[in-house]
Amino acid sequence: MSHRPRSGLAAVSSALLAMSRHLEMRDVLKTIVASARELLDAQYAALGVPDDHGGFAQFVVDGVSDAQWKAIGPLPRQHGILAAMLHEARPVRLADVRKDPRFEGWPDAHPDLVDFLGLPIRDGDETIGALFLANKNCVRKEGSCGFTQEDEELLALLAQHAAIALTNARLYERSRELTIAEERSRLAHELHDAVSQKLFSLRLTAQAAAALVDRDPARAKDELHQVAALAAEAADELRAAVVELRPAALDEDGLIATLRTQIQVLDRAHTARVTFTGTGYRALPAAQEEAVLRVAQEALHNALRHADADHVDVRVARRGPGAVLRVSDDGGGFDPAAVGRAGRHLGLVSMRDRASGVGGTLTVESAPGKGTTIEMEVPGG
């Protein structure tokens, strides 16, 4: 590597740093593919993560437009050269992929590939992905263009770091799945407790109304009004729980649209007014956006179920290269100094953990009778 120009070393360093910044699997895959194509100056790059059924769980490309990719059709299967790379676990460097005996063609809309360089990405003895490059950008004279041994060595270095990044991303996804399962379990218990209490009160009140209907119709009428109120509260609890259990549409809709939708539902489901403002926001990496969403949900949960607030306001705004979330309510408030007692009850510990987990900070301003403001700031990606 010592004979490579300094700019080349800088490019390698930038690529490795870029891979280490992301935790979401899709972000990691895209970064690896884009870094490989740029480093080796190729027209096309792709990375496939195999599944257990002869196909690919994920397949990411760079250098192909969205329209081209859509026209190409379904994801490829593990056959031909792709299968050879996954199962033989060694590099493949070809001057013309079309002349290789393992070549089995491609769909009509597929770009024409000539020179080809492929490398498996391995974690120990396991092949966890395969990286492909095609069509080196160079002057195409007879015998003078195509990927070199030096390109293969550089891609091997990138693949080693890609294996670390992919392994970390898989561990992060498993950790997140466990966190989601824990949150769903918490919500299930909370839903059971809250709605069970409401339904128990509803049943007792209905029984009291039935007993009074003949001898004291006026009191029976009051009890029936209470039945209606309890039924409405139970419905509110159910609607709010459905919102929290529903998977967030971050990947498809982004943070602002996802928050706005959830807050509109909460505003309809609760007697308190819930408002949202998103100004000047610039998209953040997926892990940071998920952390912002979860902190917003926890803060809203506290304000709507514990603070007895009349108005809850949620704001997301750009701050420098990052963003700031602010959730304010006019409820009963609490003493932040008693964080050991109130913190866990209000989820402040988990909110702080979420903020620090993505390099952010969380501050809490509150006082008895003065409402609460929770502010989370996250850096840019």
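**Exercise 1.** Is Phe 59 buried or exposed in this predicted model?

*Solution.* The relative accessible area of Phe 59 is 9%. Buried means under 20%, so Phe 59 is buried.

**Exercise 2.** Classify the ring pair of Phe 59 and Trp 69, and state which elements the pair ties together.

*Solution.* Step 1: a pair of aromatic rings is described by the distance of the centres and the angle of the planes. Step 2: for Phe 59 and Trp 69 the centres are 6.1 Å apart and the planes stand at 5°. Step 3: planes under 30 degrees apart count as stacked, so this pair is stacked. Step 4: Phe 59 belongs to strand β2 (residues 56-62) and Trp 69 to helix α3 (residues 66-72), so the pair links parts 10 residues apart in sequence. Trp 69 itself is partly exposed, at 26% relative accessible area.

**Exercise 3.** Which residues form one aromatic cluster with Phe 59?

*Solution.* The cluster consists of Phe 56, Phe 59, Trp 69, Phe 116 and Phe 132. Searching the whole structure gives five aromatic pairs. One of them joins Phe 56 and Phe 59, with centres 5.2 Å apart and planes at 70°, so it is edge-to-face. Phe 56 is buried, at 6% relative accessibility.

**Exercise 4.** Give the strand order of the open sheet of five strands, and find its edge strands.

*Solution.* The order is β6-β7-β8-β10-β9, with mixed pairing. The edge strands, β6 (273-279) and β9 (361-366), each pair on one side only. Strand β6 runs parallel to β7 (residues 311-319), joined by seven bridges; Gly 278 has Val 316 in β7 as its bridge partner.

How values were computed. Residues numbered from 1 in each chain as written. Predicted model: local features only at pLDDT ≥ 70, side-chain atom pairs only at ≥ 80, totals over all residues. Heavy atoms only, no water. Phe/Tyr/Trp six-rings, centres within 6.5 Å; stacked < 30°, edge-to-face > 60°. Buried < 20%, exposed > 50% of the residue type's maximum accessible area, 1.4 Å probe, protein only. Helix = DSSP H or I, 4+ residues; strand = E, 2+ residues; numbered from the N terminus. Pairing = 2+ DSSP bridges.
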